[in-house]
Amino acid sequence: MAETLRKYSLEELSKGMRVFKEQLSDILDTWIILYRPKNEQMQEDGIIGFIGKEPNEESDRLYSPNNVIIPVYNDSIEQEEDIFYDE
């Protein structure tokens, strides 16, 4: 039986946490940049290096030849695609 991963809220996140992307699926409209050093073996998808509304210089600093970058962004508009509005 597969283990269910705990979902995080935005308030619970902090830089340096090791997480799986699936744990961030309930966080909408926020950029979370995960990184993983290329030579490091880790079970999780990455380490949180940036949390913010827009990528910026801080998030850009994570991009290096030594890191694998995993950007995570869950758009609230995509979550509402089954909602129809009357005109």
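**From a surface pair to the core**

Arginine 6 counts as partly exposed, at 45% relative accessibility. The model it belongs to is predicted. Arginine 6 has a salt-bridge partner, glutamate 12. Their closest N and O atoms are 2.3 Å apart. Glutamate 12 is partly exposed too, at 35% relative accessibility.

Now step back to the whole chain. The chain has 87 residues, and 31% of them count as buried. Its secondary structure comes to two helices and four strands. Read from the N terminus, the order is β-β-β-α-β-α. Take the contacts between residues at least 6 apart in sequence: 55% of these join residues at least 24 apart. The chain exposes about 6500 Å², and carbon and sulfur atoms supply 47% of that area.

Next, look inside. The largest nonpolar core holds 11 residues. Among them are Tyr8, Leu13, Ile27, Ile32 and Ile48. Strand 2 (31-37) and strand 4 (67-72) each give this core at least two residues.

Beyond its neighbours up to four places away in sequence, leucine 13 touches Tyr8, Leu24, Ile27, Ile32, Ile48 and Ile51. Isoleucine 51 is 38 residues from leucine 13 in sequence, yet their C-alpha atoms are 8.3 Å apart in space. Move on to isoleucine 27. Leaving aside neighbours within four places, its contacts include Tyr8, Leu13, Ile32 and Asn74.

What about glutamine 23, buried or exposed? Its relative accessible area is 7%, so glutamine 23 is buried. It lies in the loop between strand 1 (18-19) and strand 2. Setting aside residues up to four places away, glutamine 23 touches Leu5, Arg6, Lys7 and Tyr8. Here we meet arginine 6 again, as one of those contacts.

Finally, return to the charged side chains. The whole structure has four salt bridges. One of them joins glutamate 40 and arginine 18, at 2.5 Å from N to O. This pair links distant parts of the chain: glutamate 40 is in the loop between strand 2 and strand 3 (46-52), and arginine 18 is in strand 1, 22 residues apart. Arginine 18 also bridges to glutamate 44, with the closest N and O atoms 4.0 Å apart. That pair spans 26 residues, from strand 1 to the loop between strand 2 and strand 3. Together, Arg18, Glu40 and Glu44 form a network of salt bridges. Arginine 18 is partly exposed at 39%, and glutamate 40 is partly exposed at 26%.

Terms used:
Residues are numbered from 1 along each chain as its sequence is written. This is a predicted model: local features need pLDDT of at least 70, side-chain atom pairs count only at pLDDT 80 or more; totals for chains, interfaces and linings use all residues. Side-chain values use heavy atoms; hydrogens and water are left out. Buried means under 20% relative accessible area, exposed over 50%, partly exposed in between (1.4 Å probe, protein chains only). Contact means heavy atoms within 4.5 Å. Accessible areas come from the Shrake-Rupley method with a 1.4 Å probe; for residues, only the protein chains shown count as cover. A nonpolar core is a set of buried Ala, Val, Leu, Ile, Met, Phe, Trp, Tyr and Cys residues joined through side-chain atoms within 4.5 Å.
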